[in-house]
Amino acid sequence: MGLKKFETWRSCHNLLKMNLLELSFADFAWHGRNTYTFNRCFLVLSGKGQIVNHTAGESFQMRTGYGFFLPEYLDLEFDFPSGLRFLCWHFKLEVLPGIDAFHGQKKCFEFAVPAPELENYRKLLQAESDWKRICEFEFFLWGHLRRFPFPKDNDPIRLEVLRERYGKLLAFVREHPTARLGIGELAEVSGMSRDTLSRHFSRDFGIPLKTFLMRELVSTAERYLLAGELSVKEISDLFEFSSEFYFSRFFKRHKGISPSEFRKINHHR
């Protein structure tokens with residue numbers, strides 16, 4: 001009967017890369033506002049709270065039995081009163097290096113989570129990890145991911161075309177996230193002229209290449225700061241800033257707070 005291969009399915013599957021940045025249980029009182037370079041998902045176990053999405057002008061009441069998906073780069077404000085308890089995970093779902101599957105999504109998404117499902121998830125995280133439980137956990141995560149609203153521009157077939165066109169360039173940016181990386185060097189990597197690369201990248205991804213480079217640098221810096229393994233000075237040197245002062249100024253320009261303040265705030269939460 002021959003062999004029928006489903007190459008599009010295989011190719012699109014291999015585009016996806018889940019990077020789980022944080023997985024935690026939250027039980028603290030806090031009110032604040034932030035913008036992160038990754039997606040977040042909250043599953044409420046008890047209590048009430050509020051999420052305000054200033055980017056899209058919408059608000060949500062956090063309550064037991066509901067989950068909330070918060071895409072990357074949104075201007076969000078939170079009110080976590082005492083008694084609010086929720087499970088949360090921070091993640092990137094990349095379809096290309098540096099390009100998230102939810103890139104461009106401006107709205108948050110509320111969804112119901114049955115009580116037995118929430119309880120099974122909580123128990124799973126409290127158990128000793130083994131490969132069977134890890135697979136169960138992955139099944140839980142991906143089961144929710146398929147419910148979230150993917151932007152139409154991130155159609156798998158279109159992204160496969162962009163992978164052929166920009167895959168080498170995006171991989172190079174991922175491997176060299178430094179302050180010295182410029183469009184001229186990327187033009188050489190891509191085989192295009194500076195003007196052609198800048199024009200086509202903006203058209204295909206909806207953001208200027210220079211903005212993409214800055215976002216990648218900020219996003220990588222965030223992850224190092226959250227990990228807490230390197231000092232601010234060491235991170236500055238790693239990204240080839242001329243000094244810690246210029247790294248701090250760069251970070252504050254994009255995040256509104258210094259690297260030290262960012263680390264302190266997230267350490268206490």
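Colleague: Is Glu-240 buried, exposed or partly exposed?

Modeller: Partly exposed: its relative accessible area is 35%. Keep in mind that this is a predicted model. The reading follows because buried means under 20% and exposed over 50%, with partly exposed in between.

Colleague: And which residue forms a salt bridge with Glu-240?

Modeller: That would be Arg-180, and the closest N and O atoms of the two are 3.4 Å apart. As for where they sit, Glu-240 is in the loop between α8 (232-238) and α9 (244-255), while Arg-180 is in the loop between α4 and α5, so the pair ties together parts that are 60 residues apart in sequence. Arg-180 itself counts as exposed, with a relative accessible area of 60%.

Colleague: Which residues do salt bridges that share partners join into one network?

Modeller: Look at Glu-94, Arg-174 and Glu-216; they make up one such network. Across the model, the count comes to 15 salt bridges.

Colleague: Where do Arg-10 and Glu-7 lie?

Modeller: Both are in helix α1 (residues 7-15), three residues apart, which is about one turn of the helix.

Colleague: What about Arg-133 and Asp-130, how do their side chains meet?

Modeller: In a salt bridge, 3.0 Å from N to O. Arg-133 is partly exposed at 32% relative accessibility, and Asp-130 gets that label at 33%.

Colleague: Let's turn to the inside. Which residues of the largest nonpolar core touch the most other members?

Modeller: The idea is to look for buried nonpolar residues joined through their side chains. Here the largest such core has 43 residues, and Leu-43, Leu-170, Leu-186, Phe-201 and Phe-205 touch the most other members. Among the elements that give two or more residues to this core are the strands β3 (39-46) and β8 (85-96), along with helices including α4 (156-175) and α7 (209-227). Helix α4 provides the largest share, seven residues.

Colleague: Leaving aside neighbours within four places in sequence, what is Leu-186 in contact with?

Modeller: Leu-169, Phe-172, Val-173, Leu-181, Leu-197, Leu-209 and Leu-213. Apart from this core lies another one, of 17 residues, including Phe-42, Leu-74, Phe-80 and Cys-108.

Key: Residues numbered from 1 in each chain as written. Predicted model: local features only at pLDDT ≥ 70, side-chain atom pairs only at ≥ 80, totals over all residues. Heavy atoms only, no water. Core = buried A, V, L, I, M, F, W, Y, C linked by side-chain atoms within 4.5 Å. Buried < 20%, exposed > 50% of the residue type's maximum accessible area, 1.4 Å probe, protein only. Helix = DSSP H or I, 4+ residues; strand = E, 2+ residues; numbered from the N terminus. Contact = heavy atoms within 4.5 Å. Salt bridge = Lys/Arg side-chain N within 4 Å of Asp/Glu carboxyl O.
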